[in-house]
Amino acid sequence: MADVYHSKNQENFLLKIKEEIKDKFKDCNKIAIKIHFGEPGNKTAFKPEDIKPITDILNELDIDFFLFDSPVKYNSLRDNPDSYKNFAIKKGWGRLGEIRTNDEHIDVKGENLTYEVCKELIDADAVLVISHVKGHICTGFGGAIKNLGMGALTKKTKGDIHYGGEPVFVGKCIQCKACERACPLGTLKVKDKPVFGICYGCSNCVYACPNSALKTRINYFDVLLAEGAAIAQSKFKKAYYISFLKNITQLCDCESDPGEIIANNHGFLASTDGVAIDMAAHDIILENEGEDVFLKHNKKSGTEQVKAAEKFGMGQSKYNLIKL
């Protein structure tokens with residue numbers, strides 16, 4: 001059972017983070033900070049000032065670092081290394097340290113896919129995974145697992161995961177419309193059979209079908225994402241996780257418009273375990289909000305990815321919450 005540190009007080013949290021980094025990264029010369037620089041137009045994604053207190057600690061401890069994210073598959077300034085890096089610099093991230101945004105990788109064969117894991121993270125002495133917990137249209141919510149299951153992999157593998165979670169009609173439709181109701185985009189319509197419109201491959205409709213008339217192309221999105229995250233982590237020399245529970249929007253930081261704020265701010269988390277920190281984030285938000293805000297707004301609670309990541313050996317969903 002992993003320890004997960006939680007505090008609503010940033011000063012107390014940073015004191016603990018300094019102790020943890022000093023201990024966990026004491027033999028490291030250069031570490032990677034796995035971060036999401038935010039989609040152009042997004043107002044609630046991380047800003048450099050959010051992360052500066054942590055990079056200040058690294059500088060104080062004389063630990064060299066760079067900030068990293070991989071390019072995305074969809075059309076965006078973030079879809080190639082050069083324009084993504086330039087965008088991040090214009091947002092002010094370059095004032096914190098060196099920025100790297102490339103797609104260099106090694107191939108790692110998994111149970112479902114061959115995953116292209118970013119070489120920058122593999123070559124670093126350690127990876128500090130800093131995640132913004134928020135909603136996500138494909139997984140219900142996104143935290144550390146999503147940060148690695150997308151951001152530690154190449155744009156090709158990102159596309160493979162989305163494609164692999166897409167539904168295929170294979171059986172008899174009983175016209176119950178459970179799949180239609182489960183589609184977070186509202187683009188799936190049942191006529192004589194399901195008719196698929198725009199699809200991100202969330203696999204919600206496959207989960208929902210009571211007659212097994214739908215299957216995924218490869219496997220559930222949550223399973224593919226979790227396997228990618230677990231495989232990426234397995235290639236890191238060391239890893240440590242920090243999560244921010246603030247600006248919790250309906251949608252991901254990959255959206256220019258992430259939608260409404262669906263939960264209050266609930267502080268900061270830290271752990272050596274990427275599965276435990278996501279489970280703790282999920283529990284804290286639901287307990288304090290009094291309802292499953294992710295299921296309500298995205299039609300998926302989000303624990304599917306956590307359970308899958310645990311099965312792939314990324315970490316443990318049981319945790320010991322230590323309040324600072």
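**A first look around**

Modeller: Leaving out residues up to four places away in sequence, E120 touches F66, F68, R100 and N102, where contact means heavy atoms within 4.5 Å. This is a predicted model, in which local features need pLDDT of at least 70 and side-chain atom pairs count only at pLDDT 80 or more, while totals for chains, interfaces and linings use all residues. Residues are numbered from 1 along each chain as its sequence is written, and side-chain values use heavy atoms, with hydrogens and water left out.

Colleague: Thanks! Where is E120 found, and is it buried or exposed?
Modeller: E120 is in helix α4, residues 119-123. Helices here are DSSP runs of H or I with at least four residues, strands are runs of E with at least two, and both are numbered from the N terminus. E120 counts as buried at 14% relative accessibility; buried means under 20% relative accessible area, exposed over 50%, and partly exposed in between, with a 1.4 Å probe and protein chains only.

Colleague: Which side chain does E120 have a polar contact with?
Modeller: That of R100, at 2.6 Å. A polar contact is a pair of N or O atoms within 3.5 Å; within protein, one must be able to donate a hydrogen and the other to accept it, and residues adjacent in sequence count only if both atoms are side-chain atoms.

Colleague: Switching topic, how do α5 and α6 cross?
Modeller: The axes of α5 (residues 144-151) and α6 (residues 155-164) come within 8 Å and cross at roughly 115 degrees. The axes are lines fitted to C-alpha atoms, for helices over the stretch in contact, with angles from 0 to 180 degrees between N-to-C directions. The two helices are therefore roughly perpendicular; that label covers 65 to 115 degrees, with under 35 roughly parallel, over 145 roughly antiparallel and the rest oblique.

Colleague: And which residues make that contact?
Modeller: G149, M150 and G151 come from α5, and K158, I161 and H162 from α6.

Colleague: Why is α5 described as largely enclosed?
Modeller: Because 8 of the 8 residues of α5 are buried, the rest of the structure largely encloses this helix. Among them are K146 and N147.

Colleague: Now H6, which element holds it?
Modeller: H6 is in strand β1, residues 2-7, and is buried at 8% relative accessibility. The C-alpha atoms of H6 and L324 are 6.0 Å apart, although 318 residues separate them along the chain. A polar atom of the H6 side chain also lies 2.8 Å from the backbone oxygen of H266.

Colleague: Last one: what is the phi of D62, and of S203?
Modeller: Both are positive although neither residue is a glycine: about 60 degrees for D62 and about 75 degrees for S203. Most residues other than glycine have a negative phi. D62 is exposed at 68%, whereas S203 is buried at 1%.
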